[in-house]
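Hi,

Here is the structure I promised to pass on to you. Have a look at it first, and then read on for my notes below.

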Amino acid sequence: MAEAERIPGFATLSIHAGAKPDPTTGARATPIYQTTSYVFDDVDHAAALFGLQTFGNIYTRIGNPTCAVLEERVAALEGGTAGLAVASGHAAQVLVLHTLMTSGDEFVASKKLYGGSINQFNHSFKNFGWNVVWADPDDISTFEKAITPKTKAIFIESIANPGGIVTDIEAIANIARKAGVPLIVDNTLATPYLCKPIDYGADVVVHSLTKFLGGHGNSIGGMIVDAGTFNWSRDKKYPMLSEPRPEYSGIVLHETFGNFAFAIACRVLGLRDLGPALSPFNAFLIITGIETLPLRMQRHSENALAVAEWLAKRPEVAWVSYPGLPSDKYHALAKKYAPKGAGALFTFGLKGGYDAGVKLVSNVKLFSHLANIGDTRSLIIHPASTTHKQLSDAQKVQAGAGPDVVRLSIGLEDKEDIIADLEQALGA
């Protein structure tokens with residue numbers, strides 16, 4: 001009897017999935033295929049590539065061998081059927097919704113989201129006629145109430161930026177399934193090391209690769225992962241997948257490509273025409289980053305918990321919002337969805353309010369004061385004086401960026417040094 005094929009563990013997949021030595025040179029690391037285009041074998045080969053009858057490389061805007069390794073690796077880590085690497089996390093969101101929506105359609109989104117996504121959904125997407133309806137992840141019934149016949153998707157974050165709020169993925173997936181719409185989960189903050197949304201009912205996963213997957217603050221990228229779980233042909237809701245495509249001689253993508261049709265549609269109907277391609281060099285840097293993902297996420301989580309525990313005892317601090325703390329309102333959800341740790345990102349409030357926040361970010365030395373997260377380095381920002389400065393005080397509070405709020409992205413330094421820097425900055 002043949003031995004069952006062994007399924008590699010997470011750390012092994014982080015290093016090996018999608019990659020093998022270069023067949024021409026024997027290079028062990030994935031090469032940077034820094035080319036715009038690729039030679040066809042003959043006219044028939046070119047025709048088959050352009051007609052989607054065979055897989056292969058045509059032009060780096062549509063696909064690239066370095067990017068293909070990245071796509072396969074992240075799809076393997078998430079437990080999906082296929083991936084598509086793009087220029088940024090925002091680009092991933094555009095391509096996903098472009099594949100699902102037409103003008104006048106709606107999607108339901110959690111109001112606990114990254115501020116850039118809230119802005120994109122509220123303003124930029126209006127130009128396409130895509131309308132967002134907001135729901136509250138603290139009251140799951142608001143998702144059900146927000147659904148109308150025009151709803152084409154539900155969008156949430158597994159762990160929400162900036163407050164480290166853990167979303168009840170399974171409960172919202174049940175609502176999406178009942179409504180017959182896909183659940184899209186932004187898994188940027190958790191990464192598949194801490195949480196795998198597909199295990200809880202997600203149909204599409206998106207990432208800003210810029211953050212923890214790349215992990216070194218040196219390259220921007222985005223990823224779409226197709227879970228292969230949604231029946232795109234069940235009704236007439238998703239014509240880009242279930243109707244003949246005139247660009248490809250009448251091919252029906254879901255019929256032809258089955259459980260990875262969504263990733264194909266995002267590539268050949270979205271990326272091909274809208275063009276937010278990832279550079280092969282950035283793909284190479286992100287692949288390299290992913291090789292240490294499990295080690296980094298474990299250290300990020302351990303350091304963040306230690307810093308959160310320390311801050312919670314400080315007289316200058318009014319509150320700490322980190323789901324890794326047993327006292328946190330999201331702790332039970334964190335234990336379910338992210339049992340290995342609650343990640344690197346959290347917020348806390350200073351009793352001294354706005355002025356104390358400005359002073360703190362001005363006095364840190366080890367922390368970098370900047371608008372990013374997911375770096376090896378510890379990062380700090382006072383949103384009310386920077387990223388959310390244009391909002392009214394009431395809007396700031398609603399966005400989780402009130403005058404007293406400071407956001408930390410805890411890095412991989414020695415936790416004693418991180419705490420010492422905060423101690424001297426609070427003292428100053």
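**Notes on the model**

L274 is partly exposed, with a relative accessible area of 47%; on the scale used here, buried means under 20% relative accessible area, exposed over 50%, and partly exposed in between (1.4 Å probe, protein chains only). Before I go on, please note that this is a predicted model, in which local features need pLDDT of at least 70 and side-chain atom pairs count only at pLDDT 80 or more, while totals for chains, interfaces and linings use all residues. Residues are numbered from 1 along each chain as its sequence is written, and side-chain values use heavy atoms, with hydrogens and water left out.

Back to L274, which lies in helix α11 (residues 261-274). Helices (H or I, at least four residues) and strands (E, at least two) are DSSP runs, numbered from the N terminus. Not counting residues up to four places away in sequence, L274 touches V94, L95 and H98, where contact means heavy atoms within 4.5 Å. H388 is 114 residues away from L274 along the chain, and their C-alpha atoms are separated by 29 Å.

Now for the overall picture. The protein chain has 17 helices and 14 strands. Its radius of gyration is 22 Å, which agrees with the value near 22 Å for a compact globule of 428 residues; this radius is taken over C-alpha atoms, and the globule rule is 2.2 Å times the number of residues to the power 0.38. Along the principal axes, the C-alpha atoms fill a box of roughly 70 × 55 × 50 Å. Of the 428 residues, 55% count as buried. Among contacts with a separation of 6 or more, 71% come from residues 24 or more positions apart.

**The sheet of 7 strands**

This open sheet has the order β1-β9-β8-β7-β4-β2-β3, with mixed pairing; two strands pair if DSSP finds at least two bridges between them. At its edges are β1 (82-86) and β3 (131-135), each of which pairs on one side only. Neighbouring strands are turned by 20° against each other on average, direction ignored. For angles in general, axes are lines fitted to C-alpha atoms, for helices over the stretch in contact, and angles run from 0 to 180 degrees between N-to-C directions.

Which strand is largely enclosed by the rest of the structure? That is β4 (residues 151-157), because 7 of its 7 residues are buried. Strand β4 pairs with β2 (residues 106-110) in the parallel sense over 3 bridges, and the bridge partner of V108 in β4 is I154. With β7 (residues 183-186), β4 pairs in the parallel sense over 4 bridges. Here I154 stands opposite L183, and F155 stands opposite I184. Helix α4 (residues 89-100) lies across β1, β2, β4, β7, β8 and β9, running at about 155° to β8.

**The sheet of 5 strands**

This one is also open, with the order β10-β11-β14-β13-β12 and mixed pairing. Its edge strands β10 (317-321) and β12 (368-369) have a single partner strand each, so one side of each is left without a neighbour in the sheet. Strand β12 runs parallel to β13 (residues 379-381), joined by 2 bridges, and H369 stands opposite I380 in β13. Helix α15 (residues 353-363) packs on the sheet and touches β11, β12, β13 and β14, its direction making about 125° with that of β11. Helix α13 (residues 293-312) lies across β10, β11 (345-350) and β14 (405-409), at about 10° to β11.

In UniProt, an unreviewed entry carries the annotation "modified residue: N6-(pyridoxal phosphate)lysine" at K211; UniProt positions are given in the numbering used here, feature names are shortened, and annotations may be inferred rather than shown by experiment. In the model, K211 is found in the loop between β8 (204-208) and β9 (222-226). Is K211 buried or exposed? It is buried, with a relative accessible area of 15%. Its side chain makes a polar contact of 3.1 Å with the side chain of S208. A polar contact is a pair of N or O atoms within 3.5 Å; within protein, one must be able to donate a hydrogen and the other to accept it, and residues adjacent in sequence count only if both atoms are side-chain atoms. Leaving aside neighbours within four places in sequence, K211 is in contact with T188, N372, I373 and G374.

T376 is found in the loop between β12 and β13 and counts as buried at 18% relative accessibility. The side chains of T376 and D375 are joined by a polar contact of 3.2 Å.

Best wishes
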